[in-house]
Amino acid sequence: MIQLHNLSRTYREGQCKREALRSVSLTVARGEVVALLGRSGSGKSTLLNLIGGIDLPSTGEVIIDSQVLNRMSEYERTLFRRRRVGFIYQFFNLIPTLTVLENVQLPLELNFLDVERADQLLDKVGLTDYRDTYPDRLSGGEQQRVAIARALVHEPTVLLADEPTGNLDAESGRLVLGLLGDLVRVQGTTLVVVTHSRKVAELADRIFVLDDGRLTDRIDEVIW
Amino acid sequence: MSSLSRASLRYLWRHPWQLVLAVLGIALGVAVVVSVDLTNESVRRAFDLSVQAVAGEASHQIIGGPSGLDETLYTQLRVELGMRDSAPLIDIYGKARASTLHVVGIDPLAEIPFRGRFVKQQDAAVRTLLSTPGTVLMDASTARRLDLSVDDRFKITVGGHAHEIQLVGLFGSHDSNPAALDSLVITDIATVQAISNQPGRLSRIDLKLRNDNGTAAVLKRIHSILQPGARVVDAESRSHALLQMTRAFRTNLTAMSLLALVVGMFLIYNTVTFAVLQRRGLIASLRLLGVTRGQVFRLILGETLLLGLIGSVLGLLIGFTLAQGLVHLVTRTVNDHYFVLTVGELVIMPWPLLKGLALGVVATLLAALLPAVEAARTEPHAALQRSGIEVRARSLVPRLAMTGLALTLGALVLLVLPSRSLLLGFAVLFLMILGLTLMSPLVVSWLTHAVLPLAGRLFGIQTRLALGGVVASLSRTGVAIAALMLAVATTVGVGVMVDSFRSTVEQWLSSTLRADLYVSAPGLSTIRPEMALDMAVLERVREVPGVAAISTGSQIMVESDGRLIELFALGLGHSILPRYPLKAGDPGQVWPAFLANRGVLISEPLAWHQRLTIGDLIPIHTDTGIRAFPVLGIYYDYSSEQGEVLMQRSLYEQHFEDHAVSALGLYLSPDADLQRVIELVRDATLDTQYLMVRSNRTVRETSLAIFDRTFAVTNVLRLLAVIVAFIGILSAFMALQLERVRELGVLRATGFTPGQVTGMVTAQTGFMGFTAGLLAIPTGLVLAEILIEVINRRSFGWSMKTVVSADVFLQALALALVAAILAGLYPGWRMAHTPTARALRQE
Ligand SMILES: Nc1ncnc2c1ncn2[C@@H]1O[C@H](COP(=O)(O)OP(=O)(O)OP(=O)(O)O)[C@@H](O)[C@H]1O
Ligand SMILES: [Mg+2]
């Protein structure tokens, strides 16, 4: 379960202050899929970073599975992220010097889990044939499928996806999305997905919109 | 192996040139240190061996004044005191078949307790030594080298006299240290006395005293029969005093080698920084996955450790090869200036190797520390942002400059401390270097901003892009420029120092060498006239037409305050006035007092080392015992590091039994023809001994040639520092351009031709080289001043006038520019020829 209380995030650039998030509160139940919409610069990535514990709020609290992230040390947050959170990004962020299989094994290894599971996940995303290939040989859609496998292989409780199909053509986007939806539902993972795409949003149980740092659920404001 | 280390190692493997350059940089840095260390140790070892071979197991030695001991002392010792454990010895150096031999005369019958190995199993040969004059023994490998077999006769030259001697036996080298016996010739005392023309003299008498309560009493009894000038010394402290002479010289070599390592460290820092920066995206992705800061830190350090190990091991190999060349250069220098080393072999000892290995690894880790911390600080969301690190690096620049300023000020504070410590001097040197280097990125950034608008207007957008790139990636360009700057500054500093030294010596030579011709017997040292001239020589030369006046000189080693120093006895002919340039003392008062034998003059280094000034007394071990002489004045002298005492001949003869003269200075009448007089002198002395008759100019040239030889090692080290820096900027530029693959790809897509891209890269590297050269000039001058005024003065006590020629500056600029452009060529070419599509696809 994700609980956000009165989250604000202010960026300071010299004298200039920019409020990327203004007093955002939200609760997402375990296993729920939530889509986050909003114009460019409205604070979507900022919010995702706060949930994942890779950034800290200026004020407010981030609580995941009753652990208060913003009170943890950097080290604790890292370990928390390692065990509980998975990330997927628009640019796939695969490790170029590890093979496809090794990329998927990495989270298991970091968590001292059995690396066997990596093969199952690769099979599920349909990339078993590419297991010993380096990522730069794969197409964008294939790379994103590897990223999904890697993000879910250690069964995190929260999966955060920032425009996972943003860099893909319609066809690959559909494929990636289908996989994501299926896997998340099967594993019971909570998914927060940032998107500009109506297709992605349709996958969600609930849809929220960020408008200049404020969270609303009025979808009609969004320009698709 | 874990996936983490696999990811890191594969990265290195995918950038082979970067890997090779980094390893090479470490290797060269380590190689320089190791080679200098091995060389120093070898020289020291050679020295120990030379001493050890003849010192045997003596605990004490009786030594005399400069002319040695009278052999009757030995008889007294045995007969009156009944000292069985004593052995007489006389040793000289001679030349045979182009090799220097250490000829040692012993009494075989007294030897067993001391140097038993020479006489054991050699009964027949030893009996021949005693019964037949002019017979010698040597060790088998020396004989092989000289191409001699038993019963062969050969010529040995001592002080211009050739003597025929016969090899009658070989002593085996089942001894633990065969090298100790190299070049050693054993014979009996009478033979050495004969060939060195020292009848009745001994160099020393070895004693073996048990270390118990009785010793003091025995020593007391020995003292009661000693002739004036003779004394008993501890065998160990004696050899220590000799070795002490080369200390400053060896320290300076070590410092030079450390400088090369520092340059190497910059290279390592550079490489690791690149490796980190290029992987910031990757590291951020790892951090997203939950890799902790500690893990990232260890990953980078671990990877660097591996590089450090490989580089250091390679460095040991290169260093070993290098040392073989260095040891010859250094041995020659030691022979020129200090004492005769018969052994010039490189000795491999574990200690310098281990030290080199440790130093290489530690230096690598130290250099990697900052980039590793930087890597560990990578925020996970940096995976999503590009320019984060660059922004931080730029904000780091002023802070670095402040640190640099603080270090420089610290160096200045240390500088004004009233200290004579050489170590502190080196601290000043290194702090100053580091301080100035840290300030350089800020200066580069200022400089670039200053020329940017102008360059843009003059040369167009391409140049703007090129220069803009320097500032935009200052975290890397700054380091590359700093490393190159440091290396070039080092050559400028050392270059100015050597130039200044040379010109000072040149001036000094022309004001000190006053005679038209110099006559001496060939010795082993090219500088010091140490061999006695035959009495007949002086008389014959006096008769040569054209010779108006003669001065005589005689140079010996004496002991003063536990140090070995040189003493020069100057005999002035009529109408010649001494004109040594004085550092302290009024010539109008000093020289009359000197001529009236009211005291002695001392050289500048001696005044420095013994802290003496005018009016002080200097104690000297003479043949009549320790005498204190008033110091009348201090003169400039660059011939001897340990220092020299100048004494008038007549005063010298009152205190020393030595009547030999080792050099003559001939003053010609105004109408005499130099060449003609040289021939006449040669003819007149044809049947006496082989002589060197050299004109004033030849002596000057020879002296300068030796000077240049002394600094040959320095030049080798200087060159190596530049090579290391070159590798540094090569790798820096390669990495830099690799970073910009995408940017350049965009330019190519926009319509830049490959030629334009190459031009841009060259403009950038050229600008960086130029900047480095420019910064190197003031830094180099500061370095030179510290070397001249602090390091040199504290090591040797010499004053030098700083001489700066425009050449040095031009060389610095050219060196930096050429190195930078060369280093930019390959990356430029590669960038220009990377297919645009591939360049765009990267990242
Ligand atoms: N590191 C930063 N420093 C300063 N300002 C920042 C930083 N990161 C984000 N911002 C600002 O915060 C606001 C929100 O940014 P954010 O990246 O969350 O937007 P977004 O909704 O993800 O936009 P997009 O859809 O374009 O990705 C923007 O105005 C952005 O400029
Ligand atoms: Mg975003």
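Throughout these legends, a residue is called buried when its relative accessible area is under 20%, exposed when that area is over 50%, and partly exposed in between, using a 1.4 Å probe and protein chains only. This is a predicted model, in which local features need pLDDT of at least 70 and side-chain atom pairs count only at pLDDT 80 or more, while totals for chains, interfaces and linings use all residues. Residues are numbered from 1 along each chain as its sequence is written, chains are lettered from A and ligands numbered from 1 in the order in which they are written, and side-chain values use heavy atoms, with hydrogens and water left out.

**View 1. Chain B as a whole.** Of the 843 residues in chain B, 58% are buried. Its secondary structure comes to 28 helices and 21 strands; helices (H or I, at least four residues) and strands (E, at least two) are DSSP runs, numbered from the N terminus. Take the contacts (heavy atoms within 4.5 Å) between residues at least 6 apart in the sequence of chain B: 81% of them join residues at least 24 apart. Chain B exposes about 34000 Å², and carbon and sulfur atoms supply 61% of that area. Accessible areas come from the Shrake-Rupley method with a 1.4 Å probe; for residues, only the protein chains shown count as cover.

**View 2. Helix α11 of chain B.** Just after the helix, B:Gly290 has a positive phi of about 100°.

**View 3. Ligand 1 between chains A and B.** Ligand 1 lies between the two chains. There are 15 residues around it, and A:Ser40, A:Gly41, A:Lys44, A:Ser45 and A:Thr46 come nearest; a residue is near a molecule or strand if one of its heavy atoms lies within 4 Å of it. For polar contacts, look for pairs of N or O atoms within 3.5 Å; within protein, one must be able to donate a hydrogen and the other to accept it, and residues adjacent in sequence count only if both atoms are side-chain atoms. An N or O atom in the side chain of A:Ser40 is 2.4 Å from an oxygen atom of ligand 1. For A:Lys44, a polar side-chain atom lies 2.7 Å from a ligand oxygen, and for A:Ser45 the distance from such an atom to a ligand oxygen is 2.7 Å. The protein covers 69% of the 630 Å² of accessible area that ligand 1 has on its own.

**View 4. Helix α4 of chain A.** In this helix, residues 117–124, the buried residues are A:Arg117, A:Ala118, A:Leu121 and A:Leu122. Seen down the helix axis, they fall within an arc of 140°, so they line one face of α4(A); the arc is that of the directions from the helix axis to the C-beta atoms. Their cover includes α3 (100–110), α5 (140–152) and α6 (170–187) of chain A. A:Gly126, which follows the helix, has a positive phi near 75°.

View 5. Most residues other than glycine have a negative phi. A:Ser23 has a positive phi, near 50°, and is found in strand β2. A:Ser66 has a positive phi near 55° and lies in the loop between β4 (59–64) and β5 (67–68). At 43% relative accessibility, A:Ser23 counts as partly exposed, whereas A:Ser66, at 68%, counts as exposed.
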